[in-house]
Amino acid sequence: MSDINYSILIVGVGGQGVLLASEILSEVAMNFGLDVKKSEVHGMSQRGGIVSSHIKIADKVYSPTIRYGQADFLISFEQAEGLRAMDWMKKDGAAIVSTTKLIPAIVTSKKEYNYPLNAIETMKTKAEKIIAVKADTLAAELGNPRLVNTILMGVLSNFMVFPLELWLDVIRNRVKSKFVDINIEAFNKGREIKLSSVEV
Amino acid sequence: MKELLSGNEAVARGAFESDVKLASAYPGTPSTEILETIAAKFPSIYAQWSPNEKVAYEVGVGASIGGGRALVTMKHVGLNVAADPYMTHAYTGVNAGFVIVSADDPEMHSSQNEQDNRFFAKFAKIPMLEPSDSNESKEMVLTGFELSEVFDTPVLLRMTTRISHSKGIVEISEQTTGPDRKFVKEPSKYVMVPSNARGRHVIVEERIEKLKKFSDETPLNFIENNGSKVGIITGGVSYQYAKEVTPEFDYLKIGFSYPLPMKKIEEFINSHDIVIVVEELEPFYEDQIKAAGFKVKGKEYFGNIGELSPYRVAEGFKNAGVIDEVKLAGIGVEKDMFPRPPVLCPGCPHRGAFMALKKLGVAVTGDIGCYTLGVMEPLNAMDTCICMGASIGNAIGMEKVKGSDKGTVAVIGDSTFFHSGVTGLMDAVYNQSNVTVMVLDNSATAMTGGQQHPSTGKTLMGNDARKIDIPNLCKALGVKRVKEIDAYDYDEVITCLKEELTAEEPSVLITTRPCVLMPKRIMDEPYTVDLELCTACSACFKISCPAISASEETNKHGRPKAIIDESVCTGCTLCAQVCPPEAIVLKSQKVEV
Ligand SMILES: Cc1ncc(C[n+]2csc(CCOP(=O)(O)OP(=O)(O)O)c2C)c(N)n1
């Protein structure tokens, strides 16, 4: 028996790689010897809609979805989506948010909708542990925008008990061989970002 | 060995371990991945996409009668389409085992209704299994085939989106060996003429009595005693939600859910002070338990609309007075957030069709597929969408009563046309309707992930297939006015539509541009906005392309000029065609100053 009990919510927009990130995390937890369930809804959401993935990790997991207000970690691939999903977070939970902004066409074409001016600042007024990550910039520096998910997983790994090697093994298994090195580099870049190293 | 599998992957694994010989289906969220996984991972099973669920079902019945175990899968509404063979299949029973998977969609994440298909088990008197996680999904496929053969009946495995699309740890086993059966002539069992069917109905009733006994005895329906005065009767994913919220209560967990284990239920009710039924959607258990004369509570606390969740179950328990408080979220919902509805992709050929239909202001009877997104703001170019294949019949009826002064156009995708549009078109010809039908042929079943279909030239297992030619099919049905058009040519689409709307006979316009995502990604040279020329008229915003957004630059009235995200623009040209000042140009032709 361990007393590990993690609820993680990963959110983003269709096509951003939310599902791969949640796969990696779930497999790490399983290989660590814990029970895992994860749940997401595919379908309409992939046409540019919101994608969310719930991951629950413990000795024994029942519900595959998280209760409102019970997520220990919120990982958001897009800043406004992070703000939208905050209701799922525990008050003392941590949010890891990419500064990415994806403004949908409906906001452009209809006056009544507005994209929040500063989603991350608003998040900081609601909870203490908000970690903003310039994941897009970091991914671009590494030469591949698709690395955002691995970078965010690297940041998350700092807050979890799973040993580094377990993460790297899963990445090696999950990623096409020619992308393994760059993904590990991206993961390590994320891992350099710690709560203490960012202003809160 | 353990693997992390979705419910759908677990069903596929279960089919493999059960030595299934044939799996057939028509795609439909949330069921699609079952057959995709079988085709990708278990090549020993012959797997195929059929044009619709009815045919898929009948193919499965043939395999079963022929001696091979058969798995047939579909989304909940698919069983409406397959209901005809399904209902009578209860009478014939099986030779080799037959399991049908119905994947229901509470909350309608990707569906047009949230019907509760558990009623289909009771309706047909077919036994039903309801898994509550991935491991059970796999195990229940194995159990399903055994039961099917022991009781000589098809078996319904009822999944829901949360079971199909959640992953959990599954214990993997070796493949077992299915029964060694061959086809034997037995018309009294398989030819349902009235004289035979009367005899078979008696067998159905006898069988259901045996199944009631089985339901009371099977460990699939089990009691978890924790010494609580509160007893919960539950099944499917609701079991997980309730266990999460109140592990301390006693549980009667239902895995074999039709017919219900009434004796076990009676014992359970008699040994508890309060018994609450927790089930998603309709009061399927509750009504039967009440009809048997027992006092239970349930729907008054949980409702019958939408998905349950741990939160909703907790709320229900609080209202029932069995828990004191519901731990509420601490942070609260952010108000006034913009919506992020699904939209047609950049470069989607359906966009050209809907731009033209919007411009003409005709009545548009719609259908189901990616193109249903033509209803969304700001295209707003679809007026009906009921079920797959309905567009053509709807248009015929609308046109017969002269419902629209500007004419009626039926819009239907290629996969949907094969599914159930062909018969509608036959009706149009036969009954001399002058409807205009647009078949949006993108050579894919795009909505559900790009599956093959009768005109894509490939089968599910990756073999080459003869392509069924849509224009020739229409002509063979007797449509004289059949024309292929380019949905990227806005003026052409408008001209052709106008011409066909005035024709005094049915006509079919087929758009032929392929889907830009599947099977391969299409990226031509992107377009860009010349901000010098852009007047901020917003014409390009109205075509609802995700590649186009407001730039920081404004015109003198402060209205934003447009900008194109070149990394996602496919170069379809539609925005350039509707730009009055011709400010949208090919990237290579933009004059840099
Ligand atoms: C009876 C039924 N079966 C399956 C589905 C799921 N489904 C919705 S749209 C669709 C396919 C649409 O393909 P197509 O007509 O080619 O349009 P596209 O998405 O490619 O634009 C399917 C399978 C359904 N809604 N109803």
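**Notebook: the A–B interface and two sites in chain B**

I counted six salt bridges between chain A and chain B, a salt bridge being a side-chain nitrogen of Lys or Arg within 4 Å of a carboxyl oxygen of Asp or Glu. The model is predicted, so I note that local features need pLDDT of at least 70, side-chain atom pairs count only at pLDDT 80 or more, and totals for chains, interfaces and linings use all residues. Side-chain values use heavy atoms, without hydrogens and water.

Interface. I found 54 residues of chain A in contact with 52 residues of chain B, contact meaning heavy atoms within 4.5 Å. I also looked up a salt bridge that joins the side chains of A:Lys56 and B:Glu244 at 2.6 Å, N to O.

The axes of H11 (residues 237–245) and H15 (residues 310–319) of chain B come within 9 Å and cross at roughly 65°; I took axes as lines fitted to C-alpha atoms over the stretch in contact, with angles from 0 to 180 degrees between N-to-C directions. Helices are DSSP runs (H or I, at least four residues) and strands likewise (E, at least two), numbered from the N terminus.

B:Pro131. I located B:Pro131 in the loop between strand S6 (128–129) and helix H7 (134–151) of chain B. B:Pro131 has 1% relative accessibility and therefore counts as buried (under 20% relative accessible area, 1.4 Å probe, protein chains only). Its C-alpha atom is 7.7 Å from that of B:Gly235, 104 residues apart along the chain.

Terms used
Residues numbered from 1 in each chain as written. Chains lettered and ligands numbered in written order. Buried < 20%, exposed > 50% of the residue type's maximum accessible area, 1.4 Å probe, protein only.
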